[in-house]
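Please view the sequence and the structure together before reading on.

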Amino acid sequence: MATQELLEMSLFVFNLVGLVVCLVGLSLARRRRRRPLGYGIAVLGFLIAAIPMLAQLFGNP
């Protein structure tokens with residue numbers, strides 16, 4: 001299977017997992033004591049969701 005096909009198939013999974021992780025992080029950030037941890041988890045979720053796009057951007061054509 002070509003790399004492009006694999007990235008296209010995994011796009012939905014990465015976006016879904018990234019969205020869930022980001023929402024968990026933002027819900028943690030609502031509490032004052034866990035705000036830095038929540039924002040860190042939200043950024044991690046955004047990066048997980050952006051992995052396929054970044055792989056296409058920086059990967060081999």
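## Pro 36 and the basis of the model

Pro 36 belongs to helix H2, where helices are DSSP runs of H or I with at least four residues, strands are runs of E with at least two, and both are numbered from the N terminus. This is a predicted model, in which local features need pLDDT of at least 70 and side-chain atom pairs count only at pLDDT 80 or more, while totals for chains, interfaces and linings use all residues. Residues are numbered from 1 along each chain as its sequence is written, and side-chain values use heavy atoms, with hydrogens and water left out.

Pro 36 counts as exposed because its relative accessibility is 64%; buried means under 20% relative accessible area, exposed over 50%, and partly exposed in between (1.4 Å probe, protein chains only). Between the C-alpha atoms of Pro 36 and Leu 23, which lie 13 residues apart along the chain, the separation is 14 Å.

Apart from neighbours within four places in sequence, Ile 41 has contacts (heavy atoms within 4.5 Å) with Val 21, Gly 25 and Leu 28. Its C-alpha atom is 8.8 Å from that of Leu 23, a residue 18 positions away along the chain.

Leu 44, likewise placed in helix H2, is partly exposed at 47% relative accessibility.

## Surface patches

Val 43, Phe 46, Leu 47, Met 53, Leu 54, Leu 57 and Phe 58 make a nonpolar surface patch of about 770 Å². Patches consist of residues with over 30% relative accessible area and no salt bridge, joining like charges within 9 Å and nonpolar side chains (Val, Leu, Ile, Met, Phe, Trp, Tyr) within 5 Å; a salt bridge is a side-chain nitrogen of Lys or Arg within 4 Å of a carboxyl oxygen of Asp or Glu. Leu 57 lies in helix H2, which spans residues 35–58, and is exposed at 60% relative accessibility.

A positive surface patch is built from Arg 30, Arg 31, Arg 33 and Arg 34. Arg 33 sits in the loop between helix H1 (3–28) and H2, and its relative accessibility of 82% makes it exposed.

Notes
Areas by Shrake-Rupley, 256 points an atom, 1.4 Å probe, with all protein chains shown as cover. Lys, Arg positive; Asp, Glu negative; His and termini not counted. Charge placed at Lys NZ, Arg CZ, Asp CG, Glu CD.
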